[in-house]
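This report describes the strand and helix arrangement of a model and the contact between its chains. Please consult the sequence and structure shown here.

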Amino acid sequence: MKKEWPAVIDSVPDICTWVLAEARETGFSEREAERWMLAVEEVTVNIVHYAYRDGPVGKIAVDVNRSASGMTIGISDSGRPFNPLSAPDPAIHTPLEKRAIGGLGIFLARKVVDRIHYERRAGRNILTLRKQLP
Amino acid sequence: MMDVQGKKDAGVLTIAVSGKIDGVTAPELESRLVDWLDQGETRVILDLQEVYYISSAGLRVVLLGAKRLQNKGRLVLAGLKPEVQEIFEMAGFDTILDFYDQPGSAREALLPG
């Protein structure tokens, strides 16, 4: 099922609540459903902050596909082309004084799902997240 | 969705947060924390016993506070639920910050002398 929201920060809790419910419905444990919520929050907050920075605020489309084996979520925007997966991982083993503030969002999203994939298609940035049921 | 309460006792500020620290609520936590640090607080406990969710937006605020106090004080964390602790560990924060099971033990570690 696909839904759309305006790309503003107030949309993020609604999107997360929906994803949490879908994850539970798919059969994920509470802990795994919360990990889904984390991944989707990180991706959507990124869209809110960056995708439409150079123009009018557009939309975030979230496409949830549940199956017997797991769940796949496509999250897309029509903002400027940007592949969040191209950023290098933050250096997480450096001491406090050298730690960069920020850059952790997509890193965490990657860690909590099984697969994450970016494509630019028909003027849209599409991130597809996949997680199998255990 | 998030509540923040500060309590100062014997030179130690305990900030009790409850609810979710996410992209929506983290800016409020950041501005409260920055206010306290601007007022000169140097020994700070973030009591996260009632926090059940944190995302990178929340981790960012914790890191910001810890970095600001690095050479003049300390910011420590207390009472994290396992699912919240796990996020800190994923981000590698377990090697750069100090965690305590209870705010009480964090207080003892921060008390002067």
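## Strand pairing in chain A

Strand β3 (residues 70–77) of chain A runs antiparallel to strand β5 (residues 124–132) of chain A, and eight bridges join them. Strands pair if DSSP finds at least two bridges between them; strands (E, at least two residues) and helices (H or I, at least four) are DSSP runs numbered from the N terminus. D77(A) stands opposite N125(A) in β5(A).

The model is predicted: local features need pLDDT of at least 70 and side-chain atom pairs count only at pLDDT 80 or more, while totals for chains, interfaces and linings use all residues. Residues are numbered from 1 along each chain as its sequence is written, with chains lettered from A and ligands numbered from 1 in the order in which they are written.

## The sheet

The five strands of an open sheet in chain A follow the order β1-β2-β3-β5-β4, with antiparallel pairing. Because β1 (2–6) and β4 (115–121) of chain A stand at the edges with a single partner strand each, one side of each is left without a neighbour in the sheet.

## Helices on the sheet

Helix α1 (residues 11–26) of chain A lies across β1, β2 (59–66) and β3 of chain A, at about 5 degrees to β2(A). Axes are lines fitted to C-alpha atoms, for helices over the stretch in contact, and angles run from 0 to 180 degrees between N-to-C directions. Helix α2 (residues 30–51) of chain A packs on the sheet and touches β2, β3 and β5 of chain A.

## Contact between the chains

The contact takes 21 residues from chain A and 21 residues from chain B, where residues are in contact if their C-beta atoms, placed from the backbone, lie within 7 Å. On the side of chain B that touches chain A, α2(B) gives the largest share, eight residues.

Note on methods: Contact = placed C-beta atoms within 7 Å.
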